[in-house]
Amino acid sequence: MQTLGSENATRHRRQSSASIGYEDGHDKEYGEITVDTNKESNSLKPCEDPEKSLLGQGLSRKNSISVLKRLASTVSSELRRVASSVSSTSEIKPPRRPLKSSTELALKGLKFITKTDCVTGWPRVEKTFDDITKETNGLLIRPKFGDCIGIKSTGFALALFDALARRRNITGDVINKDQLQRFWEQINDQDFDSRLRIFFDMADTDSDGRLTENEVLKIITLSASANNLDKIRDKADEYAALIMKELDPYEYGYIRIEALQVLLLQGPTEANRDDNSKAVSELISQQLKVSQSRNLGKRLYSGVKYFVLDNWKRLWVMALWIAVMAGLFTWKAVEYRKRPAYQVMGACVCIAKGAGETLKLNMAMVLLPVCRNTITWLRTKTKLNVVVPFDDNLNFHKVIAIAISIGVVIHATAHLACDFPRLIAADEETYKPMEQYFGVQPKSYVQFLKSVEVVTGTVMVILMTITFTLATSWFRRNKLTSLPKPLKKITGFNSFWYTHHLFVIVYTLLVVHGYYVYLIKTWYRKTTWMYLMVPVVLYLSERLVRSLRSRIEAVKILKVSVLPGDLLSLQLSRPNNFRYESGQYMYLKCSEVSLLEWHPFSITSAPGDEYLSVHIRGLGDWTNKLRSIFSELCAPARPDEVRQIIGDWRNGNNSPFRCFPKILIHGPYGAPSQDYKNFKVVLLVGLGIGATPMISIIKDIINNLKVNGDEEEGRDNNRNHNVVTPPPTSPERKNEMFQTKRAYFHWSTKEQGTFEWFKNVLDEVAEADTKKVIKLHTYCTSMFEEGDARTALITMLQSLYHAKNGRDVVSGTSIMSQFARPKWRSIYKKIAEKHPNTRVGVFYCGLAGAVKEQQDLAKEFSHKTSTKFCFHKENF
């Protein structure tokens, strides 16, 4: 099939070459545009060989904004020359002209079928054709063309069908298999100029070889719709006028394919890198190649070594915890083996008492990982963060809960299935030592079931089963869609939140259960209360302080913004004693939504700001209700429009806020992202609303750079004017100062409208970052990848508009957005190239499903390169 396509393309070029001359007699004269971004000027020169490329050999381009701006002016001047050279024939319908580009980059562009469409080749298309045309006698109707070849964008597929049909003079809305195969060959033609011609024909609906402004408008609208870019579609007329102004400088009212190719191939690239960076890249690529040793021992050693290096903090904590449990279990088992009860109940009593002792420990320890104030103080004010994995506090909380479940099963089974039957079955003489603990020998199993110990234990097990079950991600996040409607009402975050407060009853029963414990009479040997005292007092103190602080601290609403993508932005007054670090989070409560619920949200303001800000996305019952309350109070607008109310409560100008619900806060609490200051290089990864802690970090970096810059400038001025300089910074203060010298921020989001969330912040950071410390990257994943024909015109428009206005048409910021999902492996590789022998802090916040990819890449590049990526992820 490829041979046939090549022959058709060759035949088409030869036929077109015969009729390519200008009508004014210059039959053998051709115009070649040479665009060289390495030179300050470009030229238009005659070319006697029609087989030469329009752009010349070796087109090189640099990935910088200055290149874009220079290209905007050079492309415009070259197009004026092209227009001038053909002005004498502007009234004559131009013949179709073959275009041949030698630029290798062009081979990657204008692809109509990409990996996103999941089509493997003609056999798959042929099979799909047979399935679709079973009822149409082997004829494929136009609306099913996209489904057949695998293009999911309906409008784009129809326009492609029409363009291909016009080229083959097919007037109907149906094609057979042979015609479809010819279409398929043209779509997948490796010749760039052939693909460019198809793309041009899609816009050139009247087949006159020219694109009018109305036709450009339609193809922009079509491309925007295919990529779910509503804002570009709404401004398609403005962008069409911009393209016409640039490509039709003499206002003929149309543009030709030559001008379209110039604009298509003028986008920036990273092709120009020095030899040293290429050598480093090749070396890293070789290091990343998987080389499995045939020696099993070496593979096991390597695996264990890297596992220990990656998890040594977790390993020593888990080892210590397991050792303490094993010690307690052994101690109790040995103790009861020497007591008279062992003669009656045997090893069962040793197992029950050993498991019971571990339960006391774990019921106490399970509270410690959720003492957030204590953990925040320990990780912020002490050096324990170096050896203790505070980031895993919730994971440790879950592991302890699992250990409690196992302990309960062992403890209860040993008593109910072994100890009690043995006591009932024992003879009178054997049972006699047990009378002091159980009284008269029970003759029925029911007598044990009525005891305080069994009743309290049974109720505790029931309550803990409910709590543990509704805390699992399946129920907490409503993942079980097949549940009946009545059961769905008792799942979700609310159920998790309320059932977790059953611990008050559980701990009360645990104390009672410990008081009436079997086989112990003296009070000081009843140690349950001793285990629980410190953790319970610490936890209750935290809850009390949290409650009092949230009621005493006055929090006023300064600004409310209702943003696209179901997002609510709140700007709150900052209490005087509220000190926090970037990356931390706080809890919010709104009584109008719920009287009891507190929900955590990352703080998006920087520590240097005078206010607190949070961005809340409607992802559940509580957040959706909160957003709807504020949305109703804001001025009515379209769903995709930003709505804001701004007031100043300090000057009494707060009338719009009197009707707003009262917001309570408590915090701040420590989070993994706050440790970014410990790294000279950081990689900040935010997916969707997960960008919130990263926004605070990049703002904080800019603020710190400003402060450090002002201090240095002040010292220089003092020296120049013979002023006494301040004393040098103490070693302790130097340790507290941030170390970050380079930050890479990557924000990926699905919808174009979501860029409104942090648009102003990104612009402020880009403007304030005069030293280029922060590299900002944004991605719109609803778009097809670069090189896809569906993004070709958007790419052209993006480069042109940014060069002219300094704004990105996709994000609306000064940062040029990238299309489709980020290529994470390439991102890690580039950082490893630029920062060898460096510890890079990787901070991730986003969907749980993407954690493994980031974690695996961080481990792989840490193991196989000199750059060490330290991975951190957000937990709430």
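1. Basis. Local features need pLDDT of at least 70 in this predicted model, side-chain atom pairs count only at pLDDT 80 or more, and totals for chains, interfaces and linings use all residues. Residues are numbered from 1 along each chain as its sequence is written, and side-chain values use heavy atoms, with hydrogens and water left out.

2. Overall content. The protein chain holds 33 helices and 17 strands; these are DSSP runs numbered from the N terminus, helices being H or I with at least four residues and strands E with at least two. Of its 876 residues, 48% are buried (buried is under 20% relative accessible area, exposed over 50%, partly exposed in between, with a 1.4 Å probe and protein chains only). The accessible surface is about 44500 Å², and carbon and sulfur atoms contribute 55% of that (Shrake-Rupley method, 1.4 Å probe; for residues, only the protein chains shown count as cover). Among contacts with a separation of 6 or more, 75% join residues 24 or more positions apart (contact: heavy atoms within 4.5 Å).

3. Three-stranded sheet. An open sheet has the strand order β8-β7-β11 with antiparallel pairing (two strands pair if DSSP finds at least two bridges between them). β8 (599-602) and β11 (663-669) are the edge strands; each has a single partner, so one side of each lacks a neighbour in the sheet. Neighbouring strands are turned by 30° against each other on average, direction ignored (axes are lines fitted to C-alpha atoms, for helices over the stretch in contact, and angles run from 0 to 180 degrees between N-to-C directions). Helix α16 (residues 372-381) packs on this sheet, touching β7 and β11, and its direction makes about 40° with that of β11.

4. Pairing within that sheet. Strand β7 (residues 585-590) is joined to β8 by four bridges, with Tyr587 opposite Pro600 in β8. Five bridges connect β7 and β11, again antiparallel, and Lys589 stands opposite Leu664 in β11. Seven of the seven residues of β11 are buried, so the strand is largely enclosed by the rest of the structure.

5. Six-stranded sheet. A parallel open sheet runs in the order β15-β14-β13-β12-β16-β17. Its edges are β15 (818-819) and β17 (868-873), each with a single partner strand, so one side of each is left without a neighbour in the sheet. β12 (residues 681-687) and β13 (residues 742-749) share seven bridges, and Leu683 stands opposite Tyr744 in β13. Helix α32 (residues 824-834) lies across β12, β13, β14 (774-780), β16 (839-845) and β17, at about 165° to β12.

6. Rings. The whole structure contains 29 aromatic pairs (Phe, Tyr and Trp rings, the six-membered one for Trp, with centres within 6.5 Å; planes under 30 degrees apart are stacked, over 60 edge-to-face, the rest tilted). Tyr515 and Tyr516 form an edge-to-face pair, 5.1 Å centre to centre with 85° between the planes. Tyr515 is exposed at 52% relative accessible area, and Tyr516 is partly exposed at 40%. Ring pairs also link Phe420, Phe438, Tyr445, Phe448 and Tyr518 into a cluster.

7. Charges over rings. Lys526 lies over the face of Tyr515, 4.4 Å from the ring centre (NZ of Lys or CZ of Arg within 6 Å of the ring centre and within 35 degrees of the ring normal). The charged end of Arg790 sits over the ring of Phe156, at 6.0 Å from its centre.

8. Phe861. This residue belongs to helix α33 (residues 851-864). Phe861 is buried, at 0% relative accessibility. Its C-alpha atom is 9.2 Å from that of Arg825, 36 residues away along the chain.
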